[in-house]
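Let us walk through this model step by step, from the whole chain down to a single side chain.

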Amino acid sequence: VFLVFGYSQIRILSSKVRQKIKDLPNIKPDFISICLIALLCLAALSYFVEALAPEVDYDALEYHFGALTTYLADGRIHFLEFNTYGNFPALTEMLYLTAMILEGDISAKLINFCFGLLCVTAIICFCKRYFSLTTGLVSAAAFYIYPLTGIVSAQAFIDLGLTFFTFMGLWSIVNWFNCTCSMEKEPSKNK
């Protein structure tokens with residue numbers, strides 16, 4: 001039942017995506033945009049290859065994966081007396097735990113890698129909406145090729161998840177503020 005329903009939903013979604021692609025105007029990017037996109041793709045490929053390697057960082061092994069491995073071995077999530085850091089709020093780690101249950105620690109690292117891609121996409125979309133596409137590409141490239149972003153993209157840290165959710169929260173506030181300001185500028189229709 002789920003396969004039939006899922007297949008029909010995938011067909012509907014794919015037809016909608018194809019229609020959206022046909023409706024896109026012919027965008028002719030300039031040389032700078034092409035170079036920035038190439039730079040982002042090169043950085044993403046580099047971080048992806050690093051994310052496929054086994055985890056070697058002490059912090060990730062002891063804290064992020066150490067507590068999760070204990071949870072998996074015990075079959076439950078519980079207080080850890082020997083791992084103080086494992087008792088901190090574990091938000092992104094719970095996504096890692098799900099991935100570790102399904103496929104292992106490499107899949108958890110790939111979730112972190114995907115958070116980096118989501119951050120880049122969010123930066124581009126935000127800047128495109130409020131500034132320009134070129135501004136978005138420059139901002140995303142500045143964020144993504146920063147060496148610290150490369151380090152946390154390839155390891156099982158929580159920083160990119162936190163960055164993504166914080167950025168989306170700030171974007172929500174900006175959208176709310178713009179909506180509120182535009183409502184105040186409109187004359188009241190009930191007068």
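**From fold to residue**

The protein chain has eight helices and zero strands. Along the sequence, the pattern reads α-α-α-α-α-α-α-α. Keep in mind that the model is predicted.

Start with the chain as a whole. It has 191 residues, and 31% of them are buried. Its accessible surface is about 13100 Å². Carbon and sulfur atoms hold 70% of that surface. Now take the contacts with a separation of 6 or more: 67% of them link residues 24 or more positions apart.

Next, look at helix 2. It runs over residues 31-51, 21 residues in total. From first C-alpha to last it reaches 30 Å, close to the 30 Å expected at 1.5 Å a residue. Which of its residues are buried? They are Ser 33, Leu 36, Leu 40, Ala 43, Ala 44, Tyr 47 and Ala 51. Viewed down the helix axis, the buried residues of helix 2 fall within an arc of 100°, so they line one face. That set packs against helix 5 (105-130), helix 6 (133-144) and helix 7 (147-154). The face turned away from the buried side carries exposed residues: Phe 31, Leu 42, Leu 45 and Val 49.

Is Asn 112 buried or exposed? Its relative accessible area is 0%, under the 20% cut-off, so Asn 112 counts as buried. Its side chain makes a polar contact of 3.2 Å with the side chain of Tyr 96. Setting aside neighbours within four places in sequence, Asn 112 contacts Tyr 96, Val 152, Ser 153, Gln 155, Phe 157 and Leu 160.

Terms used: Residues are numbered from 1 along each chain as its sequence is written. This is a predicted model: local features need pLDDT of at least 70, side-chain atom pairs count only at pLDDT 80 or more; totals for chains, interfaces and linings use all residues. Side-chain values use heavy atoms; hydrogens and water are left out. Helices (H or I, at least four residues) and strands (E, at least two) are DSSP runs, numbered from the N terminus. The expected span of a helix is 1.5 Å times one less than its number of residues. Buried means under 20% relative accessible area, exposed over 50%, partly exposed in between (1.4 Å probe, protein chains only). The arc is that of the directions from the helix axis to the C-beta atoms. Contact means heavy atoms within 4.5 Å. A polar contact is a pair of N or O atoms within 3.5 Å; within protein, one must be able to donate a hydrogen and the other to accept it, and residues adjacent in sequence count only if both atoms are side-chain atoms. Accessible areas come from the Shrake-Rupley method with a 1.4 Å probe; for residues, only the protein chains shown count as cover.
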